[in-house]
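Colleague: Could you take a close look at one part of this model for me and walk me through what you find there? I would enjoy a connected account.

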Amino acid sequence: GDLESPRAESSPRWPLVVVGIVILFNLVVLRAEARPVQNLNDASVHRSMIAWASERVEDGHLPLDGWYRDLALGSSRFHHYQSLPHVLTGFLALAVGSQRALSWTLYLGMALWPIAVYAGGRLLGWGRWVSAIAAVCSPLVASQATLGYEWGSYAWRGYGTWTQLWGMWLLPFAWGLSWRAIAKGRSYWLAALVLALTVACHLLTGYLALLSLGVFAADVGWLRKPMRAGAVNAG
């Protein structure tokens, strides 16, 4: 149920203020992550993939496929890997360079994630304060192997799972839009689009989003809602 009082609901700016404070805290604490330095983890591979995509664009080729030569003996990595983040950031790298593009997307992705959590909560039908509390707690996420949605998965001294950061950002929107489509029959195309982007940016997160369709369908109905879930999945 909605835990908000009528008085709190009449002042919608205060939950947003709270979310803004958390974002400001993140921006200050994580500011060193924006510095372009030599990476200690898998982010070095992501940087080279961004540079490769940027070079393809500069040479007049599509960066969607080709022989990626910069890891081991080379591979058709953009054909087999979750490479949409590298392609998109490759265009940014044309202006600022691959290392700076990686650093700033990493920094802003971590610092601004409470926005996605708040927006996802609202799409799921949660109240403003409930969504704001979820956003406040989002920087505190931790996992046993430090490969989850905590900062250690992405930061310079972490594991450099940069593509997972893109999936982490999209997941709240994929959940919220999918729930709206299944529960209310609204915006099927938008739910399908965001689900597809989640899969294209990070396969494992995309699988989680797709499996959640079954949970949403089981929660709200026995026939019509599973058919809606199937429509979103097919899209």
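Modeller: Happy to, and let me start with Asn 26: a polar atom of the Asn 26 side chain lies 3.1 Å from the backbone oxygen of Ala 111. Please keep in mind that this is a predicted model. Asn 26 sits in helix α2, and with a relative accessibility of 0% Asn 26 counts as buried, because the cut-off for that class is under 20%. Beyond its neighbours within four places in sequence, Asn 26 is in contact with Met 110, Ala 111, Pro 114, Pro 139 and Trp 151.

Now for the helix itself. Helix α2 covers residues 13-29, and Val 29 lies in it. Whereas Asn 26 is buried, Val 29 is partly exposed, at 42% relative accessible area. Val 29 also takes part in a nonpolar surface patch, which is made by Leu 24, Phe 25, Val 28 and Val 29 and has an area of about 380 Å².

Side chains of opposite charge can pair when their charged atoms come close. The structure holds two salt bridges. One of them joins Arg 69 to Glu 55, with 3.2 Å between the closest N and O atoms. This pair links distant parts of the chain, 14 residues apart: Glu 55 is in helix α3 (43-58), while Arg 69 is in the loop between α3 and α4 (77-80). As for accessibility, Arg 69 is partly exposed, with a relative accessible area of 48%, and Glu 55 is partly exposed at 34%.

Arg 69 also forms a salt bridge with Asp 70, where the closest N and O atoms are 3.8 Å apart. That distance counts because the limit for a salt bridge is within 4 Å. Asp 70 is partly exposed as well, at 40% relative accessible area. Through shared partners, the salt bridges join Glu 55, Arg 69 and Asp 70 into one network.

How values were computed
Residues numbered from 1 in each chain as written. Predicted model: local features only at pLDDT ≥ 70, side-chain atom pairs only at ≥ 80, totals over all residues. Heavy atoms only, no water. Patch = residues over 30% accessible without salt bridge, like charges linked within 9 Å, V, L, I, M, F, W, Y side chains within 5 Å. Areas by Shrake-Rupley, 256 points an atom, 1.4 Å probe, with all protein chains shown as cover. Salt bridge = Lys/Arg side-chain N within 4 Å of Asp/Glu carboxyl O. Helix = DSSP H or I, 4+ residues; strand = E, 2+ residues; numbered from the N terminus. Buried < 20%, exposed > 50% of the residue type's maximum accessible area, 1.4 Å probe, protein only. Polar contact = N/O pair within 3.5 Å; in protein donor to acceptor, adjacent residues only side chain to side chain. Contact = heavy atoms within 4.5 Å.
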